[in-house]
Amino acid sequence: MSAGDVILEVAGLRKYFPVRNVWKRRVGWLRALDDVSFSVRRGEILGIVGESGCGKSTLGKTLMGIHTATAGRVVFEGHDIARLKPHQSRRFREHLQYCYQDPGASLDPRWTIRGSLHEPLIVHTDLPRPEREARVREMLRAVGLPETHLDLYPHEISGGQQRRVGLARILTLKPSVVILDEPTSGLDVSVQATILQLLLSLQRQFGLTYLFISHDLSVVRLICDRVAVMYLGRIVEIGSTGAVFTTPRHPYTQSLLAAIPVIGGRRVTETFALEGEPPSPTNLPSGCRFRTRCPKAQPLCAQRDPPLRADWPDQQAACHLAD
Amino acid sequence: MRRVARKLAEDRAAMLGLGLIVLLVLVAIFAPWLATHPGDVTEFHTARRLSPPGPENWLGTDRMGSDIYSRLLFGARITITIAVTAIAIAVVIGVPMGLVAGYYEGIGSDFLMRVSDIFLAVPQIVLAIAIAQTLGPSIENVILALSATYWPFWARLVFAETRSMKNEPFVEAAIALGCSPLRVMVLHILPSISSSIIVRTTIGMGGTILTAATLGFLGLGPPPPTPEWGRTIAESREFLPMAWWYAAFPGLAIFLVVMGFNLLGDGLRDVLDPRLRRASQHGR
Amino acid sequence: MAGELLSVRGLRVSFASDAGSAQVLDGVAFSMKAGEIKGLVGESGCGKTTLARAILGILPRNSARIESGEIRFDGRDLLGLPEETLAREVRGREIAYIPQDPSTAFNPVFTIGTQIDDLMRFKSPLLRGGTDDRQGFFNRYPRERRAADRARVLELLRLVQLPNPEAVLRKYPHEVSGGQRQRLMIAMALLPEPKLVIADEPTTALDVTVQAQILKLLKQLARERGAAVLFTTHDLGAAYEICDRITVMYAGQEVEEAPVDGFFGRPSHPYTRKLLDSLPTSEAGIRGIPGEIPRLIDPPPGCRFHPRCDRASALCRAERPAPERIGPAHSVRCHHRIGAAEPAG
């Protein structure tokens with residue numbers, strides 16, 4: 001396959017969680033994902049950004065099958081995997097892997113590093129033990145750890161090293177797409193930089209495609225080729241990183257960008273205008289879901305839900321008023 | 001494992017408990033050699049009935065003139081057989097049930113848990129009496145009654161622990177990796193909750209021994225002349241308070257064994273409890 | 001020029017743990033002027049939260065030990081004051097605290113109004129110099145003062161831009177959003193009219209748009225009310241937004257102190273420089289700091305940054321550099337600071 005073809009396609013993906021009252025009667029739906037569509041091309045890094053509650057983590061977990069989609073399609077390497085649980089679609093998912101916010105926490109504390117690294121290969125392949133061992137050692141070297149770590153337990157190595165082992169564990173299956181869920185959240189900047197470097201070098205080394213879920217726009221700008229901005233379960237803007245960051249079309253994207261402190265620049269505390277907080281996803285406003293906070297909202301916005309408009313090169317935005 | 005052993009060794013109460021349990025096991029194994037009158041389990045000597053403790057009968061004799069010391073030693077075998085078998089059955093039923101019900105969420109797991117709720121809603125002893133009474137007095141039936149009343153404890157414990165483990169990132173990661181449910185349950189969840197199961201089992205052992213003795217006391221245990229401790233106490237009632245040794249020594253034996261399991265269980269909980277362990281890891 | 005409000009000198013704090021005693025603060029010097037907003041920045045484990053807690057006097061007693069040093073606040077030595085005086089006159093009155101996670105800072109079983117009343121009953125500025133200054137658990141809350149306090153509360157809730165303050169007071173903590181809870185924390189911190197507000201990572205748990213609102217509010221209200229703010233954060237961007245001066249800490253030692261422009265424009269400590277370089281917005285691309293933060297149980301001698309520093313020499317291993325003044329209010333503790341003439345021999 002050539003570079004640039006679509007490797008993962010998401011169409012009309014919905015994930016509703018039932019909201020129940022104290023008697024467990026369903027009183028409504030929490031629309032964590034509401035008609036999300038996008039495609040990921042081989043070899044690119046697609047950033048998914050948004051604030052807490054926008055559905056970006058649900059998106060990652062639904063793609064992985066940890067949550068079962070309510071509706072929609074997830075086509076990965078030619079197979080629709082949206083409604084399958086991970087162990088059912090094991091064959092298809094071997095090359096689609098999910099990396100936790102803290103990959104170190106994905107290690108079973110009672111298993112040695114060797115055990116944790118062998119497990120994906122035991123589950124997905126029939127490789128004999130020596131071959132697995134060789135692959136495991138190769139991956140450990142790739143993430144920059146000595147082979148002597150194989151016999152240690154997670155609590156015997158530092159947090160940063162646990163992260164590296166967690167990454168190595170995902171890479172042993174030679175995935176083509178890796179979903180990175182907030183890989184830098186909670187990290188100090190100096191550590192964050194080393195992790196980003198590692199992610200980029202692994203991407204080059206193994207020809208990976210990343211779906212990079214993050215709330216940190218600075219990081220997304222730095223490493224992503226394209227970026228999708230989510231608000232309350234929907235993509236409100238998607239496009240190349242350059243286009244979205246230099247000419248944001250959606251008012252929400254504009255506010256998000258305005259909220260990032262830029263050292264040496266104007267102070268956000270003097271200029272920031274957006275008020276309020278996102279409404280609850282259990283009780284969405286009519287029409288455009290950003291209209292309750294939008295400085296430009298018009299009567300039209302309350303009536304019709306704007307679709308993603310592909311009116312700009314490399315960029316789409318879901319806003320009636322954007323130009 | 002070595003860390004657990006070392007920490008446990010520092011806990012004097014737990015070591016006392018462990019000592020009592022080891023003593024019980026040794027006594028049960030070597031009963032024929034330790035007993036002064038090994039034949040007295042079945043034989044009786046009416047001439048010596050109800051003699052007080054002395055050089056011939058260290059702990060006195062019972063109403064049939066049999067040596068209480070020897071009967072106690074052989075009683076330890078019955079106690080161990082009943083407790084270990086009953087608990088083993090309870091664990092074998094309760095743990096897989098709790099695991100499956102905790103792992104899958106749905107009507108099936110709700111049903112399993114409601115069943116265990118029903119069992120827990122009836123006092124254990126009453127249920128055990130009802131079962132033993134219906135089936136008739138024998139060792140097998142005591143074991144059956146005990147395991148039938150005790151399995152819900154393990155089911156509930158494992159259910160709750162499994163539910164919370166399911167939210168642990170490493171379990172979720174294993175699921176996302178494509179591990180089969182069986183693999184996740186047996187290789188990831190079970191080892192992580194094993195310490196709770198061990199603690200519960202140790203403490204449960206004491207409770208089971210106590211219930212078994214109660215059943216024996218009520219005449220629902222193994223029939224005479226089995227030297228069951230609870231039955232021995234029951235027999236002694238008509239000879240109290242003159243023949244104090246008749247009830248006191250079997251009572252002491254029950255007390256020490258139950259206390260042994262409880263002390264060890266408490267000690268194990270302090271050492272193995274995940275919350276406490278996590279706190280000590282942060283300190284390092 | 002306002003006088004010195006807070007000065008910490010030579011503060012050494014250690015924490016006992018299974019593996020030994022961890023030197024969490026190693027001879028820290030730190031000062032604040034009245035009314036200024038001062039940033040205390042550093043990575044996790046640098047001791048910024050411990051320093052904030054030491055000033056408040058809320059270090060855990062069973063594990064933390066203050067080995068030496070002094071904390072002078074408004075003319076008083078806080079370490080020498082009895083606990084009862086601290087609780088009654090200083091904490092919550094003179095020095096207020098805004099915690100990192102507003103969701104756990106409220107008691108979930110009482111309404112917000114009840115909890116604010118409780119605060120005002122003991123810490124109201126109207127108590128200052130009054131006759132009924134002796135507060136006991138059973139003392140009554142005089143009706144006149146309660147009414148006056150209530151008016152202040154409502155006024156401040158309006159100032160922190162909470163919609164419909166009366167309704168908010170009747171709600172339970174879980175009924176308001178995270179951003180609103182943090183607004184309430186700011187209001188509660190400012191209600192007793194303290195001289196110093198310690199804000200410990202107040203925006204870490206918040207989203208970027210809410211963070212911008214909260215920072216704006218904190219800065220504006222602190223200025224209006226003349227309260228000094230000690231703002232601990234690991235987010236240099238947030239520090240840039242609201243601080244007048246910044247102190248950087250590394251592994252329990254303060255390494256550089258500078259006015260905000262000098263800090264970002266002319267960083268002089270190698271650690272400060274590398275920290276700024278590792279920001280994702282940095283021009284230099286992605287550059288981390290190699291190595292890891294040292295274990296505080298067995299910290300490197302001398303300057304604790306030397307194992308990761310490319311300018312380190314034998315001198316750095318031998319002794320911790322003294323503070324060197326290199327500009328107005330700008331001082332740095334480094335033997336080989338950036339921008340210095342190369343040492344001769």
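This is a predicted model: local features need pLDDT of at least 70, side-chain atom pairs count only at pLDDT 80 or more; totals for chains, interfaces and linings use all residues.
**Chain C as a whole**

Chain C contains 11 helices and 12 strands. Its radius of gyration is 21 Å, close to the 20 Å that the globule rule gives for 345 residues, so chain C is as compact as a globular protein of that length. Of contacts between residues at least 6 apart in the sequence of chain C, 65% link residues at least 24 apart. Further values for chain C are set out below.

| Property of chain C | Value |
|---|---|
| Box filled by the C-alpha atoms, along the principal axes | roughly 75 × 45 × 45 Å |
| Buried residues | 55% of the 345 residues |
| Accessible surface | about 14700 Å² |
| Part of the accessible surface belonging to carbon and sulfur atoms | 51% |

**The sheet in chain A**

In chain A, four strands make up an open antiparallel sheet, in the order β2-β1-β4-β5. The edges are taken by β2 (26-41) and β5 (79-80) of chain A; each has a single partner strand, so one side of each has no neighbour in the sheet.

Which strand of chain A pairs with strand β1 (residues 6-20) over five bridges? The partner is strand β4 (residues 71-76) of chain A, and the pairing is antiparallel.

Note on methods
Residues are numbered from 1 along each chain as its sequence is written. Chains are lettered from A and ligands numbered from 1 in the order in which they are written. Side-chain values use heavy atoms; hydrogens and water are left out. Helices (H or I, at least four residues) and strands (E, at least two) are DSSP runs, numbered from the N terminus. The radius of gyration is taken over C-alpha atoms; the globule rule is 2.2 Å times the number of residues to the power 0.38. Buried means under 20% relative accessible area, exposed over 50%, partly exposed in between (1.4 Å probe, protein chains only). Contact means heavy atoms within 4.5 Å. Accessible areas come from the Shrake-Rupley method with a 1.4 Å probe; for residues, only the protein chains shown count as cover. Two strands pair if DSSP finds at least two bridges between them.
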